[in-house]
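Here are my notes on the model, point by point. Please read them with the structure open.

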Amino acid sequence: LASPMCSSLLASDLAGGATAPPPTLEDLPDEVVDLVGRFALSNSPRDVLRLRCVCSGVRNKCGSVRELAEARRLRWRVSDDWRWRVSNHGRTITVVGRSADVELWATGGLLPRTGASTWAVRVDHSRSNDGNGLWVGVCDTAARCSWGLFLLSGRMRCASQDADGRLDFGAAPPDGYPSGTYKRVLQSGCLARAGAAGAVVEVTLDHDAGSLSFRVNGGGGRPGGA
């Protein structure tokens, strides 16, 4: 079926005849656009959101896929605590109070065990605008040991938390896990100089390779702690 169609189009072009313009996404049947959206979702939820920006027709046809993409967004999962406020449908966390001897530790949902996971965290506000006291990364299922990028210094920090919420930066990670503490990931003082407000920290965890990497504001980073 393909050969006669190609030959016909080629003959029309050679004869100087006009050919019909190719169909756009908006011209395709709803079920086909839905399949395109689901294929995009299998690659990345971000691709679905980009697809919906093509035009209003495509946006309307991708409604069901958009709901699936929204369901895959990471959201903060924290217990009720006077020290923070969660808003924006679970996507924004704001520190409203502090305890003298307990650091705040917030986590999202569980990640897959295979493949690679990438997510981004935007810093809307930081005290002194330098990222001091903020680190973004991953933790174990029990939320007792974490590996994160310390935004002030651009170095890895491996921190553990006891049952009372007190942090221990000197504790060894669980057996079979690396430490990576103080390993250089990004240039020194990456946010202390550029400012933390508005910075976007992207984290990629390759579950198969066991590697963790970071990017800040779309820049390059080196694997850290793996």
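1. Start with accessibility. Buried means under 20% relative accessible area, exposed means over 50%, and partly exposed lies in between (1.4 Å probe, protein chains only). Asn 217 is partly exposed, with a relative accessible area of 48%. Asn 217 sits in the segment after E9. Its phi is near 55°, a positive value in a residue other than glycine.

2. Ground rules. This is a predicted model: local features need pLDDT of at least 70, side-chain atom pairs count only at pLDDT 80 or more, and totals for chains, interfaces and linings use all residues. Residues are numbered from 1 along each chain as its sequence is written, and side-chain values use heavy atoms, with hydrogens and water left out. Helices (H or I, at least four residues) and strands (E, at least two) are DSSP runs, numbered from the N terminus.

3. The open sheet. Four strands make an open sheet: 4 strands in the order E4-E5-E6-E7, with antiparallel pairing. E4 and strand E7 (167-168) stand at the edges with a single partner strand each, so one side of each has no neighbour in the sheet. Two strands pair if DSSP finds at least two bridges between them. E4 and E5 run antiparallel and are joined by 5 bridges. E5 and E6 are antiparallel too, over 6 bridges. E6 and E7 have 2 bridges, again antiparallel. On that last pairing, Ser 160 stands opposite Asp 168 in E7.

4. The hairpins. E4 and E5 form a hairpin with 5 residues between them. Ala 143 lies in the loop between these strands. Ala 143 has a positive phi of about 55° although it is not a glycine. At 17% relative accessibility, Ala 143 counts as buried. The hairpin of E5 and E6 has 4 residues between the strands, and there Gly 154 takes a positive phi near 75°.

5. Trp 147. Which strand holds Trp 147? Trp 147 belongs to E5. Of the 6 residues in E5, 6 are buried. Trp 147 itself is buried, at a relative accessible area of 7%. Val 138 stands opposite Trp 147 in E5. Trp 147 also stands opposite Cys 158 in E6. The C-alpha atoms of Trp 147 and Ala 159 are separated by 6.6 Å, with the two residues 12 apart along the chain. The side chain of Trp 147 reaches the backbone oxygen of Pro 178 at 2.8 Å. That is a polar contact: a pair of N or O atoms within 3.5 Å, where within protein one must be able to donate a hydrogen and the other to accept it, and residues adjacent in sequence count only if both atoms are side-chain atoms.

6. The cores. A nonpolar core is a set of buried Ala, Val, Leu, Ile, Met, Phe, Trp, Tyr and Cys residues joined through side-chain atoms within 4.5 Å. The largest has 22 residues; those with the most contacts inside it are Trp 147, Leu 149, Leu 151, Val 201, Val 203, Leu 212 and Phe 214. Strands E3 (116-122), E4 (135-139), E5 (145-150), E6 (155-161), E8 (200-206) and E9 (211-216) each supply at least two residues of this core. Another core, of 5 residues, lies apart from it, with Leu 41, Val 48, Val 65 and Ala 69 among them.

7. Glu 202. Is Glu 202 buried or exposed? At 17% relative accessibility, Glu 202 counts as buried. Glu 202 is found in strand E8. Glu 202 touches Arg 46, Thr 118, Trp 119, Ala 120, Ser 213, Phe 214 and Arg 215, leaving out residues up to four places away in sequence. Contact here means heavy atoms within 4.5 Å.

8. Helix H2. Residues 30-43 form H2, with 14 residues. H2 reaches 20 Å from its first C-alpha to its last, close to the 20 Å expected at 1.5 Å a residue. The expected span is 1.5 Å times one less than the number of residues. The buried residues of H2 are Val 33, Asp 34, Gly 37, Ala 40 and Leu 41. They cover an arc of only 120° around the axis, which puts them on the same side of H2. The arc is that of the directions from the helix axis to the C-beta atoms. The face turned away from the buried side of H2 carries the exposed residues Glu 31, Leu 35, Phe 39, Ser 42 and Asn 43.

9. Helix H5. In H5 (residues 63-71) the buried residues are Val 65, Ala 69 and Glu 70. They cover an arc of only 140° around the axis, which puts them on the same side of H5. Exposed Glu 67 and Ala 71 are on the face of H5 turned away from its buried side.
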